[in-house]
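Q: Please take me through this model one feature at a time. I would like the general idea each time, then the case at hand.

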Amino acid sequence: MKSIYKQILFVSIGIIMMFSLITVLAVFFQINDFESGLKDGGERIQEEVKDHSQRLLERIEDELGSENGTMNSDGIMDSSKQELDRFVSDVDDIIDSATESVDELYFRSAKYLLIALVIVIILTNLLIWFLAKRIVKPIKELMTQVRAVGEGDLEMTIHVDTKNEIGKLAEEFDHMTKQVKINTDQKQQTMVAQERMNAEYTFVNKLRGELLPDNVYSGKNYQLYALLRDFKGAGGCFYDYFSPSKNHIALVVGDTSSAGVSSTMLLLLAKTYIDVFSRMGYTPAGVLAETNNHLSRNNDTAFTINILLCIIDLEAGQMSYVCAGSEPLLWKHAGEEFTFLDQGDCLPIGHMENIPYRSGSIRLAQGDTLVLYTRGLSEAVDEKGNRFTGEELALSLNRIVTEQVDCEGIACSLMEEVEEFIGETEQRLERTVITFRYLG
């Protein structure tokens, strides 16, 4: 408020100076009048003295030049006395006139001072009115604009045409209003995006839940358990198992390079192709090659799919598998620890056509265990950024199988260890795992 205080100070000083100036001018003019009156009175007295002196001399000459030629001293004295009396009377008249002039001067001075005071009061009121208008008008304008903003009009531009603190306050309030509008727009956009993500999440989970098989299954000579941990806004992984022929079973896990509805639709489309080509008798390498060609031909997105596919001959125990950009398969032979099976690097599917894929194969024995998993487990991170690597995953499985004997217990215990490792840290990928045991 320093500028307003300065204005009030300047106006007060101006009023005092104006009153002083008018008072000085009034006194100056009265002094001039007084000096003129004194000068006129002095000149009149001088003229009267000269006039009476002249008449007195003329009387004396007349007396001296009388007919008898003798000096009549008594006559001279009488004449002188008469002239002196007349002179005193004239001086008294002049003094009375000067006294009246002084009284009139006092009256005129008082009148001029009163007029000066009235003028100062009028000018003071005008200055106060002008100053109040300069101070109050911007405040009223600011109050009106602030009230409009308070009622929800965030498009209002706060502007007051003044350079003092009121103007600065208006600028700050305008800046605050713009920031509130920006934050409000961002919150609305965030809410819309969140609602869209929630809708996508609901749709993805519903669609995926209808198309994925049950998480637990057992046959004559095998048992398996599948577990998927999702989170909002994801939908970027899946699992599947089916029988392409009477004596075979296919196991599939996969994830995409992104998440959401589009990636889920791509995954489900890949699931369908894998199912179809597997039932047609293709090898795992042939299944993924054909699936890749069909997906790449119609894939308008930049998404790719990491797939681990195993096809097992349940009678002979022969298993063929392909890791197409996925995590390697974990295999545990009865009485031994888990080891990684990787037939070599193969590209994810859906990127481009005519990519060759290579299969690996092993013969399963009674009691052998397989673990298929997605990157959501081997790339899980804790709050410090440490990863739950594939090696740690294998170590955890070796410890878990000493306590858990069935596939469900192994899968659930593994998932619990991963979740305990990450704590409350937000993850980028969903987690999927299939545990399979061959019973011979």
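Q: What share of the contacts with a separation of 6 or more is between residues 24 or more positions apart?
A: Contact means heavy atoms within 4.5 Å. In this predicted model, 68% of the contacts with a separation of 6 or more join residues 24 or more positions apart.

Q: What conventions apply?
A: Residues are numbered from 1 along each chain as its sequence is written. As the model is predicted, local features need pLDDT of at least 70 and side-chain atom pairs pLDDT 80 or more, while totals for chains, interfaces and linings use all residues; side-chain values use heavy atoms, with hydrogens and water left out.

Q: How many helices and strands are there?
A: Both are DSSP runs numbered from the N terminus: helices are H or I with at least four residues, strands are E with at least two. The protein has 8 helices and 11 strands.

Q: Is Ser263 buried or exposed?
A: Buried means under 20% relative accessible area, exposed over 50%, and partly exposed in between, with a 1.4 Å probe and protein chains only. Ser263, in helix H4 (residues 261–279), is buried because its relative accessible area is 0%. Of the 440 residues in the protein, 38% are buried.

Q: What does Ser278 touch, leaving out residues up to four places away in sequence?
A: Ser278, also found in helix H4, touches Phe242, Pro244, Val287 and Ile311 on that count. Its relative accessibility is 4%, so Ser278 counts as buried. A polar atom of the Ser278 side chain lies 2.7 Å from the backbone oxygen of Ile274.

Terms used
A polar contact is a pair of N or O atoms within 3.5 Å; within protein, one must be able to donate a hydrogen and the other to accept it, and residues adjacent in sequence count only if both atoms are side-chain atoms.
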